[in-house]
Amino acid sequence: MKSLKIILSVFLMVLLFVSCEEDESQELNLVESAQVQVAVGSSTFYDLTNVSTTTVDLDINVTGLPVSSVTILKSYNGGVNVVEHATLSTVPASVSIPLIEAIDGLGITADDLNLGDNVTFSFRANLANGTTATSQKIYVANLSCPSNLPEGLWTGVNTDAATFGGSSTNASVMITALGAGAYSVSDVSGAAYFTCCGGGGFVVDQPVTILDVCNTISVTGSAGSQVTIADDLANPGSWDPGSGILTINWCDNSNGFCSTTTFTKN
């Protein structure tokens, strides 16, 4: 009898081990059975200056086991309110998702949209065998604005007579795109320091980096400048594509004053 109990115990242990192995294998197969692949098309973000027409383009494919469809899910700012956007019955597929449609069903209106927000798209593969697999792939479509500040030579003019004793001009200011709305400006002062105080060792160029966000200009750094130049937080600059005038409001933190330089493209 004791031997029988031992044999039964061993049999149950083996059965339990095999069962666990099968469960783990099934779970693993479910996760790895199909994987949604997402590539971005020509439109990669939502343009807040064209809310009614802006789109995001996605190319969607699936690798692994056959699928009957792929469901696109969405949420706002990665929130917990995740809803279905659409189901694609054929993949691969190229989809263009307008912003107005992307926020539909999320409790968001056009008036609620803010710079820096995003619509997060996730994906679920609906397998031909009746199971589903949620992909680890997501795409975050940011709400932003394109920056169209022209590169090349500009003329900078400073008329801050109260600070520099008169006006000054630098007709050889180079503006270079750094990506993501950031630019380097070879001289933010319009040669004001050199015109005013060149005898004190100041050179013509006082370089800064700027950021263009929906035509609002801020100073983000001043590496290479002879003084510490920062953004005028109370008075942001601007870029007017219509008039072609770039206005940079900046502060000299080394000497405790703020000034303004306007630029036009050469």
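**Exercise 1. The chain as a whole**

How much accessible surface does the chain have, and what percentage of that surface belongs to carbon and sulfur atoms?

*Solution.* The structure is a predicted model, in which local features need pLDDT of at least 70 and side-chain atom pairs count only at pLDDT 80 or more, while totals for chains, interfaces and linings use all residues. Residues are numbered from 1 along each chain as its sequence is written, and side-chain values use heavy atoms, with hydrogens and water left out.

Step 1. The accessible surface, calculated by the Shrake-Rupley method with a 1.4 Å probe, where for residues only the protein chains shown count as cover, comes to about 14000 Å² for the chain, and 56% of this belongs to carbon and sulfur atoms.

Step 2. Turning to burial, 36% of the 266 residues of the chain count as buried, where buried means under 20% relative accessible area, exposed means over 50%, and partly exposed lies in between (1.4 Å probe, protein chains only).

Step 3. The chain has 4 helices and 17 strands, which are DSSP runs numbered from the N terminus (helices: H or I, at least four residues; strands: E, at least two).

Step 4. The pLDDT, the predictor's confidence in each residue from 0 to 100, has a mean of 87 over the chain, with 88% of the residues reaching 70 or more. Over residues 4–31, however, the pLDDT is below 50, and this stretch has 3 contacts in the model beyond near neighbours in sequence, a contact being heavy atoms within 4.5 Å.

**Exercise 2. The disulfides**

Find the disulfides of the structure, and describe the cysteines that form each of them.

*Solution.* A disulfide is a covalent bond between the sulfur atoms of two cysteines, and here the criterion is a pair of cysteine sulfur atoms within 2.5 Å.

Step 1. The structure holds 3 disulfides, and when the bonded cysteines are counted along the chain, their pattern is 1-4, 2-3, 5-6.

Step 2. In the pair of Cys 145 and Cys 214, the sulfur atoms are 1.7 Å apart. The torsion about the S-S bond of Cys 145 and Cys 214 is about 75°, so this disulfide is right-handed. Because Cys 145 lies in the loop between β8 (132–144) and β9 (152–158), and Cys 214 in the loop between β12 (208–213) and β13 (216–221), the pair ties together parts that are 69 residues apart in sequence. Cys 145 is buried at 9% relative accessible area, whereas Cys 214 is partly exposed at 29%.

Step 3. Cys 196 and Cys 197 also form a disulfide, with 2.4 Å between their sulfur atoms; Cys 196 is partly exposed at 33%, and Cys 197 is partly exposed at 27%.

Step 4. Cys 251 and Cys 258 are joined with their sulfur atoms 2.0 Å apart, and the link is right-handed, with 90° about the S-S bond. Cys 251 is buried at 8%, while Cys 258 is partly exposed at 39%.

**Exercise 3. The surroundings of Leu 115**

Where is Leu 115 placed, and which residues is Leu 115 in contact with, leaving aside its neighbours within four places in sequence?

*Solution.* Step 1. Leu 115 belongs to the loop between α2 (99–102) and β7 (118–127), and at 45% relative accessibility it counts as partly exposed.

Step 2. Leaving aside neighbours within four places in sequence, the contacts of Leu 115 are Leu 48, Leu 143, Ser 144, Val 213 and Cys 214.

Step 3. Ser 144 stands 29 residues from Leu 115 along the chain, and the C-alpha atoms of these two residues are separated by 5.6 Å.
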